Amino acid sequence: MRARYLIEAFALAAVAFAVDLTDRGDPGLLDAAVNPYLLAALAIAAWRGWLPGYAALAAGAALAYAGLAIVPAAPAASDPLAHPRLPALAVTAAMGVLVFGLIHFAWHRWVRRLQREAAELGREREVAERQRTGLLAAASELERQVSGQRDSLAYLHSRWRELSSANVAETLRVVLDTVSELTGAERCSLWQFDAGAGDLVVRATAGWNADEPAERRLPVNGSIEGWALRNDRLFSAKHLTRYDTLRRADRGAVVYAAPLRAGARAWGVIDVERLPFERFNAHTEHLLLLAAAVAAAPLEQAIAYESDLEPADLSAYTGYPLFAHLDRVLRAEVAARAAGGGTLSVILIQIVNYHRLVSDAGAEHGDRVIEAVFRAAREIAAGAARCFHYKHDGQLAVVCPGLDFDGATLLALDLLSRAAEPSPPDGAGRALPELAVGYSSLARGVDDADALLRMAENLLAMQHRERSAGNVARTRAAGSGVAG
């Protein structure tokens, strides 16, 4: 029993004693209709239980007895111990405290049961709310899957042209962006197999912090990524419940790991490391495998393209390949199209005022203009473009696999209109570059690399002559106006 309960019992007994002191002609107020000592004991018993009730009753009796010595009763008062009502009051008090105490405990148990039931209902409500939220998310995900089938295919088709890049780093970036978009991954990465070291090294990441102390190399034996690579099989976090070897290798960072191939050769692994719970399903696994399959051929082409490059083939100023490498690439591409079919276009670009731009603003400005023209060509071609320097300064070449003559025409027109915009492509605020464009595509009679380049050069020369004739006509007209 708590000490506070005893203090409360004594306090009520003291209040009853104070009432008793108001009438010394009836010590203990035994003749009163309602005895304050009995009332105090019953009240504390109903409030705190029968033990504090008996404590209040005993304290009241002690105070009443002590009060006879401290404050004598009136002469006419009878002896309280010989009062005829005292036995009945004592029995009533003892029984009343017991009954009220039992009522208190019954009420207390009932309140606690209601509290437990309320808490249980609260927990059940929270669980039901979580289940409702999960079911709504799952229903939304199912609806997204059904309605997004066509959108996913359209998105993959649009990204295919960007995947057809000659740059491995750019190809990997597009692969990672595609995985993030299709699966909803908030954090993912690409790991390349390093055969020399016998481990996996990270090549591209999304959602990683720049200063994050994440592992940059992983062993092929003893890692989830290595298991996916060795077995050429998708890893899912649900496999951890079935395979002890995977549980031992798990570092708690991988939701999905999909093998990534470059053509028919195992290249590395795609990691999905953080994913919304509702996206953890078979549909997401299918999209991840589809993205890996779509990336295999473009990645093989980009690796083959970069492996054929030598330092002497690259411009020391812009980093783009020179004409010698263009000739080799174009011959290989034409031979591949001749064997397997397909379209191929070449666009030649001449910056007509290149030398004036360089003389006015310096060689670095000329390099920025070249990079801006290449960037514009890649954007217009949606990434499916390989850029080269051509034979002379200010002459550029863009090879577009999968683009026919009509597509090359549209690309050339878009490039000319882009160059004529008020803001120059290099963003330097200087003179606008003036472009002349020639193009050609594989067709009957134009079926080898030399014929492709000759046709494009002829169109480029024709456009250059037309531009020069227009400039002469404008000059003569201006001279006539001055003479008049």
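## Aromatic pairs

Six aromatic pairs are present in the structure, which is a predicted model. A pair of aromatic rings is described by the distance of the centres and the angle of the planes. For Trp227 and Phe235, the ring centres lie 6.4 Å apart and the planes stand at 80 degrees, so this pair is edge-to-face; the cut-off for that class is over 60 degrees. Both residues can also be placed by accessibility: Trp227 is buried at 12% relative accessibility, and Phe235 is buried with a relative accessible area of 0%.

The rings of Tyr256 and Phe280 have a centre distance of 5.4 Å and a plane angle of 20 degrees, so they form a stacked pair. This pair links distant parts of the chain, 24 residues apart. Tyr256 belongs to strand β5 (residues 256-262), whereas Phe280 lies in the loop between β6 (265-274) and α8 (282-307). The accessibility of the two partners is as follows: Tyr256 is buried, with a relative accessibility of 0%, while Phe280 is partly exposed, with a relative accessible area of 31%.

## Cysteines

Zero disulfides are found in a search of the whole structure. The case of Cys387 can be examined through its sulfur, for which the closest cysteine sulfur, in Cys400, is 7.9 Å away. A disulfide requires sulfur atoms within 2.5 Å, and the separation of Cys387 and Cys400 is therefore too far for a bond.

Cys387 counts as buried because its relative accessibility is 6%, under the 20% cut-off. Cys188 is likewise buried, with a relative accessible area of 0%.

Technical notes:
Residues are numbered from 1 along each chain as its sequence is written. This is a predicted model: local features need pLDDT of at least 70, side-chain atom pairs count only at pLDDT 80 or more; totals for chains, interfaces and linings use all residues. Side-chain values use heavy atoms; hydrogens and water are left out. Rings of Phe, Tyr and Trp (its six-membered ring) pair if their centres lie within 6.5 Å; planes under 30 degrees apart count as stacked, over 60 as edge-to-face and the rest as tilted. Buried means under 20% relative accessible area, exposed over 50%, partly exposed in between (1.4 Å probe, protein chains only). Helices (H or I, at least four residues) and strands (E, at least two) are DSSP runs, numbered from the N terminus.
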